[in-house]
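Open the model in your viewer and keep the selection panel at hand. The stops below go from one selection to the next.

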Amino acid sequence: MTNQEFWQTVLGEIELQISKPSFVTWLKNSELIDRQNGVALVGLPSNFAKEWAEKHYEKLILGSLRGRDETTRKVEFVVSQKHRERSASTAAAVAAPTYQLLLSEFNVDPETNLNPRYTFASFVVGSSNEMANAAAQAVIRELGKKYNPLFLYGGVGVGKTHLIQAIGNEIKKAYQNQAKVRYVPSEKFVNDVVWAMRNKRMETIKEKYRFVDVLIIDDIQFIGGKKRTEEEFFHTFNALYENNKQIILSSDRSPRFLPTLSERLRSRFEGGMTCDIGYPDYELRLAVLRSRLQEESIPLEDSAVELIASRIQKNLREIEGIFKKISFYYQQKKKPLVFKFIEQILNESTQEVANVNVTPAQVIRVVAEFFEISPQDIIGRSRKKEVVEPRQITVYLLKEMLGLSYVFIGKKLGERDHTTAIYAYEKMAGELNRSQSLQHKILSLKEIIQKGV
Ligand code: ADP
Ligand code: MG
């Protein structure tokens, strides 16, 4: 058996044990370079993939290798030369097809309304979206049964649309087109209802939305407060739900905080599986950018990629925006873009660089110092008034400044449940409207944290 064949069987086994996107992102392009004296040398396409694999997959890979060859003692990961050369040389020859790839963005499937670009293969998993990704996988496995509806929420540009469309595309593939899938932005749903009402053709809503197996509605917050649309949606929802059809929804906030939503809809939403997606951390931004560059074979030196990921902090839509610019310039120039040029593009695109390198630990420390308590008090269990407020402020700042997911914030603050984090955040957000003294505290804290003192 050649190293390559051997490695394929190992990968086959690992593929079954980790999520598909993780596999595709991190391990699919790996190779077994060498096997000698009990040491297996595994090559990965980038330094980042190497670090990620070391951290997350070393045990798994070693276990699988041992299962096949018990003399294996150790795995070592390296960035393989092969990948480097390949990506550099193909890049030069692909300017034309790249452009076609960009055009494919507009190839929306007329039947499902899904964009084929949004797949799990192109969805990079990191700490801010791994729960949501796991929930998505679970829904695909148990279609219409256990996790109904699936309700994903999070801020702008964190990947909600990508993920819910990926679910749709994956279902189409996995169920060999047996399942009828329909994706609709909620504005479209609202328009359809308004049109049907005006033309007295309410049955068109039924025809369009009730005879599907999977209904995906994006940005559901927009139907809140529109009474007739909510009503119609409620009926659609119930009809599908009672027939075990899968409903997938995205929103910019949790169902609990959709202010104008009727109670009965809210409780329907909460009856399924809800999950949030946080803002991407540096690692995820870097990985998404790398994956886009690789997808379209655009060469870019590591230092430039890292610069972008550290400067563009808000969300992945901004990363995509910069990527499009880079892709455009690369096609014009037909040669690799240099670091200086990337810096220039960035300076044009970012007005203000805030919250650079702020870590959760730093936020906790600054808040503790500010209130003259210890970081342990913030993480700890005490319910004394002197520590409860600082703790809630910490939650607020972690969400506002770092955009972390509630799950992650809960974990960072002494393994608390994410509902506690949601409660704290909302409490602070509400009080901020009323209390000037809280406003002052928060403003001062933000300033101190941003200064990095
Ligand atoms: P949202 O709907 O939450 O506002 P989108 O799904 O539109 O965000 O994502 C914004 C951009 O970032 C899209 O181009 C999307 O493909 C990309 N993106 C988001 N999350 C990921 C991810 N995890 N991996 C790769 N690309 C992502
Ligand atoms: Mg969206």
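Which residues does Phe269 touch, not counting residues up to four places away in sequence? Select Phe269 and show its contacts (heavy atoms within 4.5 Å). The partners are Pro149, Phe151, Ile220, Phe233, Phe237, Leu249, Pro255, Leu258, Leu261 and Thr274.

This is a predicted model, in which local features need pLDDT of at least 70 and side-chain atom pairs count only at pLDDT 80 or more, while totals for chains, interfaces and linings use all residues. Residues are numbered from 1 along each chain as its sequence is written, chains are lettered from A and ligands numbered from 1 in the order in which they are written, and side-chain values use heavy atoms, with hydrogens and water left out.

Next, colour by domain, with bounds from an automatic or database domain assignment. The divisions are domain 1 (3–105), domain 2 (130–276), domain 3 (282–349) and domain 4 (360–451). Between the C-alpha centres of domain 3 and domain 4 the distance is 33 Å.

Now select the largest nonpolar core. Such a core is a set of buried Ala, Val, Leu, Ile, Met, Phe, Trp, Tyr and Cys residues joined through side-chain atoms within 4.5 Å; buried means under 20% relative accessible area, exposed over 50%, partly exposed in between (1.4 Å probe, protein chains only). This core has 54 residues, and those touching the most other members are Ile217, Ile220, Phe233, Leu249, Phe269, Val363 and Leu397. Helix 19 (residues 385–402) contributes the most, with eight residues; helices (H or I, at least four residues) and strands (E, at least two) are DSSP runs, numbered from the N terminus. Because domain 2 and domain 4 both give residues to the core, it lies between them. A second, separate core of 48 residues includes Leu11, Ile61, Val305 and Phe341.

Move to the open sheet of three strands, ordered 1-2-3 with mixed pairing; two strands pair if DSSP finds at least two bridges between them. Its edge strands are strand 1 (31–36) and strand 3 (74–79). Strand 1 runs antiparallel to strand 2 (residues 39–44), joined by five bridges. Select Asp34 and find its bridge partner in strand 2, Leu41.

Last, select helix 4 (residues 58–68), which lies across strand 2 and strand 3 at about 120° to strand 3; axes are lines fitted to C-alpha atoms, for helices over the stretch in contact, and angles run from 0 to 180 degrees between N-to-C directions. Ile61, Leu62, Ser64 and Leu65 of helix 4 are buried. On the other side of helix 4, Lys59 and Gly67 are exposed.
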